[in-house]
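Hello,

Here is the structure we talked about handing over. My notes follow below it.

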Amino acid sequence: METTFVALVAYGALGLTSWLALVVLVVTQGRAAFSPAQLQAVPTGWDSAAAIFGCASAIAVLWIAVGMARREFSEYLALRWPTRDEVMSALMITTLLCLGEIVFGTLIAPTGPSSSHLSFSGIGELLIWLVALCIAAPIMEEFTFRGFMFRGWSESFLGPAATIVLTAAIWGAIHSQYDWWVRCWIIVSGLVLGHFRHRTNSTWLTVIVHAGMNFFVFLTMRQA
């Protein structure tokens, strides 16, 4: 119960801090009058910068919770740096997973898997977006799901196997901005990441793999 509560608080902090950061960016750029619809139409770089602040606040919640339990943060979240062989093996498996997603996506939808359109006003905005996508988001999500939640739930009556399935399902469900096919792929990816976490006892490994998957997504996106 404590694990679930802290995870909810962390995601609440993520959403609130991201929103507040976005409001501050809008106001400081001279857009004092805005509506929720206008907030959704802000430049990609602003939204990404706000998300980075949100990710930091979510990690801070986890750090505080672990500290209050008088546990070592790096130990509790299994922040052990993986070996080279572990990284190479995981990346090869993930590459096969990504290729499989492309093949099955093409078979299911003849036009191919859906891809997003991105528009950047400059290299700075692109770099901020990449930091949010390939660094901030993977660290925050893996620390929360394969780190904090996995540790707490796997040591309960659920055990490691059920925890891997449950965290993968929840991880896919929260990505409600995507269609059913993408969410199914996210769930499968979550199962693979959970396996890596359980087998190697390294959350940093899942961060690396997650970042690699997100970079692959970036490479397959169409630039507007």
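Phe218 has a relative accessible area of 13%, so it is buried (buried is under 20%, exposed over 50%, partly exposed in between, with a 1.4 Å probe and protein chains only). Phe215 is partly exposed, at 40%. The two rings form a tilted aromatic pair, 5.9 Å centre to centre with 35° between the planes. Rings of Phe, Tyr and Trp (its six-membered ring) pair if their centres lie within 6.5 Å; planes under 30 degrees apart are stacked, over 60 edge-to-face, and the rest tilted. Phe215 and Phe218 are three residues apart in helix H9, so about one helical turn separates them. Helices here are DSSP runs (H or I, at least four residues), numbered from the N terminus.

Two notes on the source. This is a predicted model: local features need pLDDT of at least 70, side-chain atom pairs count only at pLDDT 80 or more, and totals for chains, interfaces and linings use all residues. Residues are numbered from 1 along each chain as its sequence is written, and side-chain values use heavy atoms, without hydrogens and water.

**Other aromatics**

The structure holds eight aromatic pairs. In one of them, Phe143 and Trp204 have ring centres 5.4 Å apart and planes at 70°, so the pair is edge-to-face. This pair links distant parts of the chain: Phe143 is in helix H6 (residues 123-154), Trp204 in helix H9 (residues 203-220), and 61 residues separate them. Phe143 is buried at 5% relative accessibility. Trp204 is partly exposed at 23%.

Arg146 lies over the face of Trp171, 4.4 Å from the ring centre. The rule: NZ of Lys or CZ of Arg within 6 Å of the ring centre and within 35 degrees of the ring normal.

**Surface**

Leu16, Trp19 and Leu20 make a nonpolar surface patch of about 320 Å². Patch residues have over 30% relative accessible area and no salt bridge, and nonpolar side chains (Val, Leu, Ile, Met, Phe, Trp, Tyr) are joined within 5 Å. A salt bridge is a side-chain nitrogen of Lys or Arg within 4 Å of a carboxyl oxygen of Asp or Glu. Areas come from the Shrake-Rupley method with a 1.4 Å probe. Leu20 lies in helix H1 (residues 2-28) and is partly exposed, at 41%.

**Cysteines**

How many disulfides are there? The count is zero, with sulfur atoms required to be within 2.5 Å. Cys134 is buried at 15%. Cys184 is partly exposed at 37%.

Best wishes

Methods: Helices (H or I, at least four residues) and strands (E, at least two) are DSSP runs, numbered from the N terminus. Patches are made of residues with over 30% relative accessible area and no salt bridge: like charges are joined within 9 Å, nonpolar side chains (Val, Leu, Ile, Met, Phe, Trp, Tyr) within 5 Å.
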